[in-house]
Amino acid sequence: MAILEIQEATIKFGGLTAVNKVNMSINSGEIRALIGPNGAGKSTLFNAITGIHQVTSGQVFFKGQNITGLKPYQITGIGISRTFQNILLFEEMTVIENVMVGLHCRTKTETFEIILGLPGVKKEEKECREKSIELLEFVGLADKMNEKARNLPYGPKRLLEIARALASEPKVLLLDEPAAGMNYHEAEDLIKYVGKIRSRNITVMLVEHNMKVVMGISDHVTVLDHGEKIAEGVPSEIQSNEQVIEAYLGRGAH
Ligand SMILES: Nc1ncnc2c1ncn2[C@@H]1O[C@H](COP(=O)(O)OP(=O)(O)O)[C@@H](O)[C@H]1O
Ligand SMILES: [Mg+2]
C-alpha cells in the first residue's frame, strides 16, 4: 500500500520549472532513494511534500489523504518529518535540547504551570528527557548530550538532525543528502541507522549522491533530471539504465 503518493507535481519559480509533472508512489515500509544531478529538483520536491513550498499544480497524498497545501507544522503533525540538505540545528543549544525541541514537549502544558513549576510540568519534562535520551542512544550520541550542538563534527550533526526528526514520531522520514560531508565510516554507519529506522516501521525517502549508500539500502530508486522523472526501479535496473548513466551516473560509475 502506498503511504505517500505524488501526482503530477509541478513546482515553478517564476519562469523556471524546478519539478515537472512528477508522479511517485512510495510503499509503506520501503526505503526510496531520489537521485539526480544538482538542480534536478530533488530538494524542491521534498519542500513541496513538507509544505515549505507549494506545488504549482498536482497533488500529494499521505495514507490516501490529500495533504496538498498544508502548512509545515501540519505535515509534521500528521507524521511526515525531515532533515535538510544544509543542516538546521540550534547550534547554541545542547545536543539533548535540540532533540527536545523536536518533541514539542510543552504542548499540553499551560505556560503559567511552567512558570510556577507545578509538578505536572516536572513530570512532562522528565518524560521528554527520557525520550530524548532514548533517541540519542538510537543514533549513538547519548554520551554527547550535554555538549553544544556547534561543537559536534559534521557526521554526528547529521545524526543529531535525524534524531530530532524522529522525535515527532514520523511515519515517513525524508532525508536530504544525509551522507553529505560524511567520511567513509560515518557513511557506513548511516546505512546501518537508516536500516534501523526502517525497522521502527518508518518509511524512508532519501536524496543522496553517495551511490554506495543509495544502492546499498534502497528498495527502489527514482531519478530526476531537469525536474523530470527519467527512471524508476530497483537499484540494479537504475545502475544499468542508459539514460541514467548518461544524465547522472556517468560511464564507469557502477
Ligand atoms: N526558492 C527557490 N527560488 C527559486 N529557484 C529555486 C528555489 N529553490 C530551488 N530553485 C531552483 O530549482 C531548481 C531545483 O533545485 P533543487 O530542488 O535545489 O535541486 P536539487 O536538490 O536536485 O539539487 C534549481 O534550478 C534551483 O536553482
Ligand atoms: Mg538538493
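Helices (H or I, at least four residues) and strands (E, at least two) are taken as DSSP runs and numbered from the N terminus. The structure is a predicted model, in which local features need pLDDT of at least 70, side-chain atom pairs count only at pLDDT 80 or more, and totals for chains, interfaces and linings use all residues. Residues are numbered from 1 along each chain as its sequence is written, while chains are lettered from A and ligands numbered from 1 in the order in which they are written.

Val-204 lies in strand E8, which covers residues 203-207. A residue is buried if 20 or more other C-beta atoms lie within 10 Å of its own, exposed if 12 or fewer, and partly exposed in between, with C-beta atoms placed from the backbone. Val-204 counts as buried because it has 23 C-beta neighbours inside 10 Å. Two residues are in contact if their C-beta atoms, placed from the backbone, lie within 7 Å. Leaving aside residues up to four places away in sequence, Val-204 touches Ile-31, Leu-173, Leu-175, Val-194, Ile-197 and Arg-198. The C-alpha atoms of Val-204 and Ile-80 are 9.9 Å apart, with the two residues separated by 124 residues in sequence.

Strand E8 belongs to an open sheet of 6 strands with the order E6-E7-E8-E3-E9-E10 and mixed pairing; two strands pair if DSSP finds at least two bridges between them. Strand E6 (80-82) and strand E10 (228-233) are at the edges with a single partner strand each, so one side of each has no neighbour in the sheet. Angles run from 0 to 180 degrees between N-to-C directions, and axes are lines fitted to C-alpha atoms, for helices over the stretch in contact. With direction ignored, neighbouring strands of this sheet are turned by 20° against each other on average. Strand E7 (residues 172-176) runs parallel to E8 and is joined to E8 by 5 bridges. Opposite Val-204 in E8 stands Leu-173. Helix H7 (residues 184-198) lies across E3, E7 and E8, at about 150° to E8. Helix H1 lies across strand E3 (31-35), E6, E7, E8 and strand E9 (220-225), and runs at about 150° to E7.

A further open sheet has 4 strands in the order E2-E1-E4-E5, paired antiparallel. Its edges are strand E2 (16-27) and strand E5 (65-66), each with a single partner strand, so one side of each is left without a neighbour in the sheet. Strand E1 (residues 2-13) and E2 run antiparallel and are joined by 8 bridges. Thr-17 in E2 is the bridge partner of Lys-12. Helix H1 (residues 42-49) packs on this sheet, where it touches E1, E2 and strand E4 (57-62), and its direction makes about 65° with that of E2.

Among the helices, H5 (residues 119-138) packs with H6 (residues 154-167) at an angle of about 135°, and their axes are 9 Å apart. H5 is therefore oblique to H6, given that angles under 35 degrees count as roughly parallel, over 145 as roughly antiparallel, 65 to 115 as roughly perpendicular and the rest as oblique. Ser-132, Leu-135, Leu-136 and Phe-138 of H5 make the contact with Ala-163, Leu-166 and Ala-167 of H6. Helix H3 (residues 95-103) is largely enclosed by the rest of the structure, because 7 of its 9 residues are buried. These are Val-95, Ile-96, Asn-98, Val-99, Met-100, Gly-102 and Leu-103. The buried residues of H3 pack against H5 and H6.
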